[in-house]
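I am opening my notebook to record what I looked up in this structure, entry by entry.

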Amino acid sequence: MLSEITIKAEALRRNYSFFEGRVGRERLAAVVKSNAYGHGLQQVYEVLAPLNPAWLCVNYLAEAKELRTLGFKGRILVCGPFTPDQIPAAIQTEADVFVGTPEALTAVLASPTPIRMHLEFDTGMSRQGFAPSRAAEIAKMVSPRPEIVAGVCTHFANVEDVLEHNYATQQLEKFEQVRMAFVARGLKPLFHTASSASTLILPESVMDLHRVGVSLYGQWPSQATRLSFLNESGDVDGLEPVLSWHAPLTSVIDVDAGQYIGYGCTFRASRKMRIAVIPVGYYEGFPRAASGSSAYVLVHGARCQVVGRVCMNMMMIDVTEVPAAKVGDIAVLIGRDGAEFLSAGEVAGWADTIHYELLARLNPDIQRKIV
Ligand SMILES: *Cc1c(COP(=O)(O)O)cnc(C)c1O
């Protein structure tokens, strides 16, 4: 592919250390699922490995396998749905797995080779996990096998989107009931609830393990999270974006007033214009839904609007006001160019989505270069 992603190693190390400083090495689980939020699993692992992370967190056992192949010897926590057919892969990778269904629990308890499980309770997300009302019963069921009860956990539904955290507080209250049930059986698993946002702004969520994803990559989970953090600590410089994305201009043409640009003839030049093509489309991960909005990219540090519809592998931009623009010049799709900066969140916003989705969908075939 002609576009390229760069991974700023220093920023990633800095973000990792920021969280390590807050929760401690043993309690930090860096989430590297979905190709490390689009940053490249291999590249991110290469940067993190010298920092000797105790835990890495993924969604699939295939990702755990890849981390083992890359040489990771620490604990791997697989947070995705666990089904009985994944037992051999869990054993092979020596991964810890989330268990939140009766089927998975039965299978893990029946496995002759021990599998470390993290029992997930659904305290308000209605996604995965046992009902908290079943905690006493499940604690009793697993109490003869304390060595495989590695964790007991839940996941917050509503920390990112709000400034008031009553819903998270309710979830924490339910989780406390769950915790008591396990403690009452003499079990000492790792209790954990937090992802990026809760680790940053919900002190009550500070427990034995923190599954930190998006913010490891220097992204605030949301503006609300950033504001809450700012109110409490007054310092939002701890996180630095790790990824930037750029592509060369592959052609520059002049169009006359009245000429149409792109599929569907949705854009018509109202004056003489210079149009440049960038070899990035929705296949590469630039959302087609951004077409027709105020989407732009940076060329020579200037904002150039995306014109017409984003194609599968290309898009057209208006470089009329950048007379120096020529074939081979670099356009920035995410990142800094001179005084201008385009965040992943801003790009995502043009397509009515969030930076999580935009980053996770960056095509894995785009070359990632560590700088
Ligand atoms: C993805 C995920 C996380 C990380 O969330 P961020 O908001 O990216 O920090 C944590 N826990 C679970 C269960 C997840 O699926």
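This is a predicted model: local features need pLDDT of at least 70, side-chain atom pairs count only at pLDDT 80 or more; totals for chains, interfaces and linings use all residues.

Which residues line the largest cavity? I noted Glu 120, Phe 121, Asp 122, Met 125, Arg 127 and Gln 128, together with Thr 154 and His 155. When I sorted this lining by class, I found 2 nonpolar, 3 polar and 3 charged residues.

Entry two, a pocket. I turned to the second largest pocket, where the space comes to about 190 Å³. Its lining includes Tyr 282, Tyr 283, Gly 285, Phe 286, Pro 287, Arg 288 and Ala 289, and also Ala 351, Thr 353, Glu 357, Leu 358 and Arg 361. By class, I wrote down 7 nonpolar, 2 polar and 3 charged residues for the lining of this pocket.

I asked myself at what angle the axes of helix H1 and helix H3 cross. Helix H1 covers residues 9–23 and helix H3 covers residues 41–48, and their axes come within 10 Å and cross at roughly 65°. I noted the crossing of H1 past H3 as right-handed. On the H1 side the contact is made by Ala 9, Leu 12, Arg 13 and Tyr 16, while H3 brings Val 44, Val 47 and Leu 48. The residues of this contact divide into 6 nonpolar and 1 charged, with no polar residue.

I found that the structure holds 10 aromatic pairs, and I looked up one of them, formed by Phe 18 and Phe 229. This pair is edge-to-face, with 6.3 Å from centre to centre and 65° between the planes. Phe 18 sits in helix H1 and Phe 229 in helix H10, residues 223–233, so I recorded the pair as linking distant parts of the chain, 211 residues apart.

Methods:
Residues are numbered from 1 along each chain as its sequence is written. Side-chain values use heavy atoms; hydrogens and water are left out. Axes are lines fitted to C-alpha atoms, for helices over the stretch in contact, and angles run from 0 to 180 degrees between N-to-C directions. Helices (H or I, at least four residues) and strands (E, at least two) are DSSP runs, numbered from the N terminus. A crossing is left-handed if the near helix is turned anticlockwise from the far one by less than a right angle, and right-handed if clockwise. Contact means heavy atoms within 4.5 Å. Ala, Val, Leu, Ile, Met, Phe, Trp, Tyr, Cys and Pro count as nonpolar, Asp, Glu, Lys and Arg as charged, and the others, Gly among them, as polar. On a 1 Å grid over the protein atoms alone, a cavity is a set of points where a 1.4 Å probe fits but cannot get out, and a pocket is an open set with protein on both sides within 12 Å along at least five of seven lines; lining residues have an atom within 4 Å of a point. Grid points are joined across faces, edges and corners, and a volume is the space filled by probe spheres set on the points. Rings of Phe, Tyr and Trp (its six-membered ring) pair if their centres lie within 6.5 Å; planes under 30 degrees apart count as stacked, over 60 as edge-to-face and the rest as tilted.
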